[in-house]
Amino acid sequence: MLFSMNWIRDFVDLSGLDIPALIHRFTLSTAEVEDVYFKGADVSGVIVARIVSCEAHPSSDHLHLLKVDTGSGIVDCVCGAPNAREGLTVAFATVGGTVPTPSGALTIAARKVAGYPSEGMCCSEAELGISDDNSGLWELPADLPLGTDVKAIYDVDDIVFEVDNKSLTNRPDLWGHYGIAREFAAMTGRALLPVPKVELTAFDHLPPVEIDVRDALAYRYIGIKAENVTVHESPMQMKIRLYYCGSRAINFLADLTNYVMMELGQPMHAFDLRKVDKIEVQRFEKPFSFVTLDHEEREIGSETLMITSNDEPVAIAGIKGGLASGIADDTTSLLLESATFDGVSVRRSGVALGLRTDASMRYEKMLDPELAPVASARFLYLLTKIDAGATVISAATDKYLFRYPTIEIDIDKAYYDRYTGIDIPTDRIEVTLRALGFGVVRTGDALHVTVPSWRATKDVSIKADLIEEVTRIYGYDNFEIKTSVSPLYPVREDRGREADDVAKDVLVKSFGYHEVHSYLWCDAARYKDLGIALPQNPRIINAQTPDHDTLRASMIPTLLSFLAENRGFAPAYGLFEVGKTVHGFAADGSCDEHKALGIALYDKTVSEEEAFLTVRDAVVAIIRAVTHKTPVFAVLDEPADFMHPANAFAITVDGVTLGALSVLHPAVKAKLDKKAAVAFAEMDMATLASLPVAPIRYKTPSRFPAIEIDFSFVADPAAVNFDELCALCREVGGALLTDISVVDVYEGEGGSSIALRFVFSSDERTLAKAELAPYTDAILAALGARGLKIKE
Amino acid sequence: MLSQQIEALRASFREALAKADTKEALEAVRVSFLGKKGPISDLMKGLRDLSPEEKKDAGQWINALKTEAEAAVAEKGKALEEAALAAAIRSAKKFNPTLPREASHGSYHPITLVSRDVNRIFSTMGFTVEDYVEITDDYHCFEALNIPKHHPARDMQDTYYIENGQLLKTHTSAAQNHIMRKYGAPLRAIFPGRCFRNEAIDACHENTFFQMEGMMIDKDVSISNLIYFMKTMLSEVFGADLSVRLRPGFFPFTEPGFELDISCTICGGKGCPSCKNTGWLELCPCGMIHPNVLREGGIDPEVYTGFAFGLGMTRLAMMKYGVKDIRDFNSGSLKALSQFDAK
């Protein structure tokens, strides 16, 4: 929204103050100013002048050769405006003067135009930047003294600033210049001047307007009739202000409703009295179509509040008037509406219609119903001031159905001190609140505050609101910055986050993997590309595309897509993500959300088994780092559709399943990359973090040498469960058996074999190989019974 | 006679020693002169046949020769060893540290990096780091935050709704109620998390992004404290002593609410295109926690006050690393993400 300083200064005297600095202050105290425009800054040396003769250019079909009286002499001017004519009083840019252009100020020079000398320029309104009317010269009143600078007559100079509407959402009172002027008054300590207006009671003796409010969504409706309006074009001063604030002049009555709205924030509507002489406010059961002022035909639903006259719809309440009942060029009598409608209803109707107007934006903010009569009185004041013949012919008929309660708040200086952490004197608090329109009854340091009606519709209701009113005007940059004096408490660490960090560190630092992020939902196209079925999982009802509506059940499919998309990055790379997955609905109907770690490895340089084992190693490393335990892997009963049915394993620690480890299903592999080995794992991080951590149990290393004994067995490594095998050996190997390791696995011609190393040691003495024979015999017997024969 | 014999022997030893230019040759010289069957040993044996006077002189001469020979062998041995080392070094293969090789450096997601930074800073100031869900409900995301139905604030947030009526959290503030209920007052906590807004994606807009919410609640926590904590934290994050300023901002869950600006990190506050010549960058919304929000969290607003703030971690990462296109974060592209390979 654009605000004119000239307009604001109608209501607060800012003389002697640095205006740009004040506008900056507004950013810090009220709402952010996004831009400041210095209107008229590029207009100079433009005076009132009169065309004293006008001849057609001999060889041009549109140029005129003018003699212009500047009040201090007659000069030549070549002019192409269609309305250039003898006797016309014009705005004349003299030689050396400037006019604005999109690329900056243009200095007027004496020069030849189409062969004839031209010593200045007759200007259109658009050429001076005071309207968008470029149809012809700006026609000035004939009685203006020639040679006078136009800036001395019209407010061409203005400082206009722009505030984002969003930063005014909570302040319905700031949707007009008067509310803004109140802020400047409070900031500067200057007085806020009253709005000049008529006394509505003066019309009480006139017949009322028939108004029938049939719906509680209308809080207040004031109607007034007036006739004998003969002025059809707004005064230039008014047009300039409207234009500077982003509105186009239409006709006098329409402009005046806009002007009052932009001044006070109260939307108004003028009906042509010939079409609308009584008012009803109601909603309709059945949808119907309605043509609004902008010639658009709109479907009106049952939720939308309408203004009707004799049950004929004439306006969408609070949003836009109808075409048929609006002010026309020949309108001389009107029925003026100044009303308050329910903000939520206006917003919903606006959304349903896809129509947001200057009026509806204001209603949405919950307007103060007390503003409606003020705006009516202001309108009539300006109407009769500008058009002396205009006459009010009805009482100001006021249907006031919903009143907001008066809000009173008790607060004291101690509360301010506690909330602010600084010392703001009570006097200062009182003065600020009063300047903003609050009623204050003070007893010592205690204040009994009455919230003004324009802040009481939703904005200010509690003590904390009164804190803000004072502190923002006091200025946050005037605050002393202090650390808190609250006692320190131990920081409670979240174990879940710690486990995430450990897993990330292991994967990045030990395995050289890359962390990625992806979306919470499945990308159906990517699933399809890989031949992976979308899970039956909770869905988003308003996704941007139906392709993105199913929440992901696993981290892996997206990681697989990422693997495919990064081909060419390197011959081998690992990816991982810690993120959320959803496993359907929980028993209470909510989404069953899990925090999961997904790991995926792509490697063109090794076998699939090697890749599988590398990911296995990563899983083991993470689990050991977090829990100091070693997982076991068991064949997964129900592998996901993208997993290899024969090579999918559950990851289990202490009987708790954490996730799965697998390689690709051949069908998926064929779509992803036939030549590369791909392996992946997924684990539930919350479950991992919830496992008890195995303590470190220190054992002093033996000072005596250990004995290592190696045996080779004929065996198929794929058929051996090394976890079970080691457990068996420990059972029969005696107390001196301290370690078992696999030193070689051979698969090749002549059969396959594995070599195991058994380490024996004692804390008390050096062992003799001979004394170990009973144990190694027992081990060999046990293994033999399992089908592992010593290799010859 | 004996003295001549000894001198001759000394001369021949010196000659042999001079010729020995390998370890092996030197050892041969040592054995041939100083070995048990060598001439010096023989001379020693010959001493038996001499008279005591002769024996005394001869013994000294022979010993002198032996000492000289032993020292000379040792010295020569050391010299040969040094020469051999020098030769080995001279002939060693020269390695090239610039030779390119494939090496795997892992990388963290930039959000992890900035989050860790911020978490660390707040941990040192006594804040708990908390986790929160991504899928929550209307109550936590709106109602508990003093955003009733039909409030215009909901216009600002286009929310993803799930078929069961739940929603994807639109801001980390959705965790405020949960954290207050979990810990009660006093409370210092931050809660980083992923947020979702249903909007079209372009270089500047993502429907999935990270924020970090922080709360501090205690008796007498003030606006003045809020400014201090924000300034301290942001100075740490950006590694420079920043200026901060507060402007009024409107959020239903704060009162007063603020927009916090920091002095422009590009120009230092002088004014540049990045800060639209204002010298300030709008960084984070914050404010004193609204009494209704405290009450809803089970905390008595007459006893406790607090502040809360929300920091856009995705935006922070973009600012910190100069990422121009927000889509890079969720792209899974290693050309982009593998660059974050240091803490």
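I count two residues as in contact if their C-beta atoms, placed from the backbone, lie within 7 Å. The model is predicted, so I keep in mind that local features need pLDDT of at least 70, that side-chain atom pairs count only at pLDDT 80 or more, and that totals for chains, interfaces and linings use all residues. Residues are numbered from 1 along each chain as its sequence is written, and chains are lettered from A and ligands numbered from 1 in the order in which they are written.

Entry 1, the interface. I find that the contact takes 70 residues from chain A and 61 residues from chain B. On the side of chain B that touches chain A, the elements giving two or more residues include strand E5 (208–218), helix H8 (223–238) and strand E7 (254–263); helices (H or I, at least four residues) and strands (E, at least two) are DSSP runs, numbered from the N terminus. H8(B) gives the most to this side, with 6 residues. By class, I note 26 nonpolar, 23 polar and 12 charged residues there, where Ala, Val, Leu, Ile, Met, Phe, Trp, Tyr, Cys and Pro count as nonpolar, Asp, Glu, Lys and Arg as charged, and the others, Gly among them, as polar.

I list 11 helices and 9 strands in chain B. Its radius of gyration, 42 Å, is well over the 20 Å that the globule rule gives for 343 residues, so chain B is more spread out than a compact globule; the radius is taken over C-alpha atoms, and the rule is 2.2 Å times the number of residues to the power 0.38. The C-alpha atoms of chain B fill a box of roughly 130 × 50 × 45 Å, taken along the principal axes.

I take a nonpolar core as a set of buried Ala, Val, Leu, Ile, Met, Phe, Trp, Tyr and Cys residues joined through C-beta atoms within 7 Å, a residue being buried if 20 or more other C-beta atoms lie within 10 Å of its own, exposed if 12 or fewer, and partly exposed in between. In the largest core, of 285 residues, A:Val615 and A:Val678 touch the most other members, while helix H6 (residues 252–264) of chain A gives the most to this core, with 9 residues. Not counting residues up to four places away in sequence, A:Val615 touches A:Ile599, A:Leu601, A:Leu661, A:Ala679, A:Phe680 and A:Ala681. A second, separate core of 12 residues includes A:Ala715 and A:Phe758.
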